[in-house]
Amino acid sequence: MANANVKPLEVVFWLATLLPFVLTPNYLSLASQIAITALFALSLDLILGYAGIVSLGHAAFFGAGAYTAGLIAKHYWSEPLTGLLIASIASGLLGYALSHIIVRFRHLALIMLTLGLGLLVHEAANSASALTGGADGLQGFRVPAVLGFRFDLYGTTAYAYALAVLFLCFLVSRRIIHSPFGLALRGIRENATRMPAIGAPSRAHLRKVYTIAAAMAGIAGALLTHTTSTVSLETLSFGRSADVLVILILGGAGRLYGGILGAIIYLVARDQFSGINPQYWYFWIGLLLVAVVMFLPNGILGGLAKFSRPRS
Amino acid sequence: MVAQDVELDLPQGVRHALIGPNGAGKTTLINLMTGMLAPDAGQILLGGEDITGLKPEARVRRGLARTFQINTLFPQLTALESVALAVLERDGHARNWWRGLTRFGTEVDEAASILRSLNLQRGLHRLTRELAYGEQRLLEIALALATRPRVLLLDEPAAGVPKEESAELFAAIAGLSSALTVLFIEHDMDVVFRFASRIHVMVGGRILVQGTPDDIARDPRVREVYLGRAHRVPA
């Protein structure tokens, strides 16, 4: 049985996430972007890494959460935690609705389908400009504080908020993957044909995990809205769906920490490389991706795990 | 491959063998019974209940389990995880996402005892893909047993297993509960005549003849099939 005990390295890792507060106080905005992207990647890991559902349209749920949180803040109230909750419910409902189509397909058809659905949601938001602000994005609102802590210019509150939410969602994900349901998801990933033959309702399992992942992606989107006080169409874009897939594969899918590690590497690399040359930083990301896929097919974490536990 | 006008009756607790040349439709018949293929016509009854319209997983939950001719396992799960998953699915616990697996000790213990009963205790914590081929064939059976079937359909359980190991494998099958109805597809006639108390011969998608091993041994049509004269079905 997979070991669910907390490992010392995990404690060290989560303690290390507090370091930016003291070591790099000028980079807290970047740190909160990383935490938000890590959460988004974690949500993709639940469906891709554990259940084997490839998606090129996962930004649909990120954007749905971002817009829901933005609309609440703009038209109703600026208290973020209830906004976060409602955004996750809205994204979860969207995920549940789409899951009925998604679970019927696999492989290439699934990639095309998720891509198409992602584009549909993007264009729907674009054309509903009265509601979403269209290409200009949703602006003119401000989320002043969370639990009484004001969002400051340095991003201290933003990072603390994003990190706390990431940590809670991580705990939930960890619980899921070490549960019987998590085992069933791995079963589907390993052999979808066998699952019905052991009496497993695979489609029901997949609908459930897809809904959970969509809700979690929506929370990530809402976090972005709350910490930046703006929502752009980019939150729903194909680029964001592709980036999160790259991040997860880079870090290592199906390993819970892969998305987090991938987000750190990807966003720090982007920050550094775009500082050197703002136009061509994707070159380095491309190179990194090619190297990882060629030499570490299970991502950086997969490579580290193999390295630390050599097989005979 | 097709199966037509097949009438197959499997009385409870009996060890049935389904034999016939390649392409006779034996696996197709199992696929039809388990719902992996939909029949154009006809009925499938399990203990008197019509299960023809049920999905494969619903048939499993009613007690109809199968194994596969080609290993259809979970390569990256351990043997114990695989069988525990089947037990958890059977008991409806696999929907549970808020409690850790460690809280399901009874189910995990049951999975371990199923594996032990098939002599797989050494492979418990090894990944399925790291198990020897013969062990993987046994794991196929363990997965089916974990669903607690009333009827067990074994599609060439010893396919690819050396003859000496296959006897061991069939001894394990023979040792299964006498309340369990077993139907196995097998090409080795020694094994068939040793372990089956009823034999069904399938040719060209139809049941040619069925009866006790003695009936089958004496039947001239069966001899014809196995001498090749009636073997018109493409392999």
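Start by selecting Leu39(A), Ile219(A), Val83(B) and Ala142(B), which touch the most other members of the largest nonpolar core, a set of 159 residues. A nonpolar core here is a set of buried Ala, Val, Leu, Ile, Met, Phe, Trp, Tyr and Cys residues joined through C-beta atoms within 7 Å, and a residue is buried if 20 or more other C-beta atoms, placed from the backbone, lie within 10 Å of its own. Colour helix H3 (residues 28-50) of chain A next, as this helix gives the core its largest share, 15 residues.

This is a predicted model, in which local features need pLDDT of at least 70 and side-chain atom pairs count only at pLDDT 80 or more, while totals for chains, interfaces and linings use all residues. Residues are numbered from 1 along each chain as its sequence is written, with chains lettered from A and ligands numbered from 1 in the order in which they are written.

**Helix pairs in chain A**

Select helix H8 (residues 156-177) and helix H11 (residues 202-228) of chain A, whose axes come within 10 Å and cross at roughly 175°. H8(A) is therefore roughly antiparallel to H11(A), a term used for angles over 145 degrees, just as angles under 35 degrees count as roughly parallel. Show the side chains of Ala158(A), Tyr161(A), Ala162(A), Val165(A) and Cys169(A) in H8(A), which meet Met216(A), Ile219(A), Leu223(A) and Thr227(A) in H11(A). The residues of this contact divide into 8 nonpolar, 1 polar and no charged, where Ala, Val, Leu, Ile, Met, Phe, Trp, Tyr, Cys and Pro count as nonpolar, Asp, Glu, Lys and Arg as charged, and the others, Gly among them, as polar.

Move to helix H4 (residues 59-75) and helix H6 (residues 107-127) of chain A, which pack at an angle of about 25° with their axes 9 Å apart, and which are therefore roughly parallel to each other. Here Ala59(A), Ala60(A), Gly63(A) and Tyr67(A) in H4(A) meet Leu117(A), Gly118(A), Val121(A) and Ala125(A) in H6(A), a contact that divides into 6 nonpolar, 2 polar and no charged residues.

Then select helix H15 (residues 299-308) of chain A, in which Gly299(A), Ile300(A) and Leu301(A) are buried. What covers the buried residues of H15(A) includes helix H12 (238-251), helix H13 (258-276) and helix H14 (281-295) of chain A.

**Where the chains meet**

Display both chains: 34 residues of chain B are in contact with 23 residues of chain A, contact meaning that the C-beta atoms of two residues lie within 7 Å. On the side of chain B that touches chain A, helix H2 (56-61), helix H3 (79-90) and helix H5 (133-146) of chain B each give two or more residues, and H3(B) provides the largest share, 7 residues. The residues on this side divide into 18 nonpolar, 7 polar and 9 charged.

**Inside chain B**

Chain B has 9 helices and 8 strands, and buried residues make up 43% of its 235 residues. Centre on Ala142(B), which, leaving aside neighbours within four places in sequence, is in contact with Val83(B), Ile114(B), Leu115(B), Leu118(B) and Leu120(B).

Finish at Arg66(B), which lies in strand S4 (residues 64-66) of chain B and is buried, with 28 other C-beta atoms within 10 Å. Not counting residues up to four places away in sequence, Arg66(B) touches Ala197(A), Ile30(B), Thr34(B), Ala144(B), Leu153(B) and Asp155(B). The C-alpha atoms of Arg66(B) and Leu153(B) are separated by 4.5 Å, although these residues are 87 residues apart along the chain.

Definitions and conventions: A residue is buried if 20 or more other C-beta atoms lie within 10 Å of its own, exposed if 12 or fewer, and partly exposed in between; C-beta atoms are placed from the backbone. Helices (H or I, at least four residues) and strands (E, at least two) are DSSP runs, numbered from the N terminus. Axes are lines fitted to C-alpha atoms, for helices over the stretch in contact, and angles run from 0 to 180 degrees between N-to-C directions. Angles under 35 degrees count as roughly parallel, over 145 as roughly antiparallel, 65 to 115 as roughly perpendicular and the rest as oblique.
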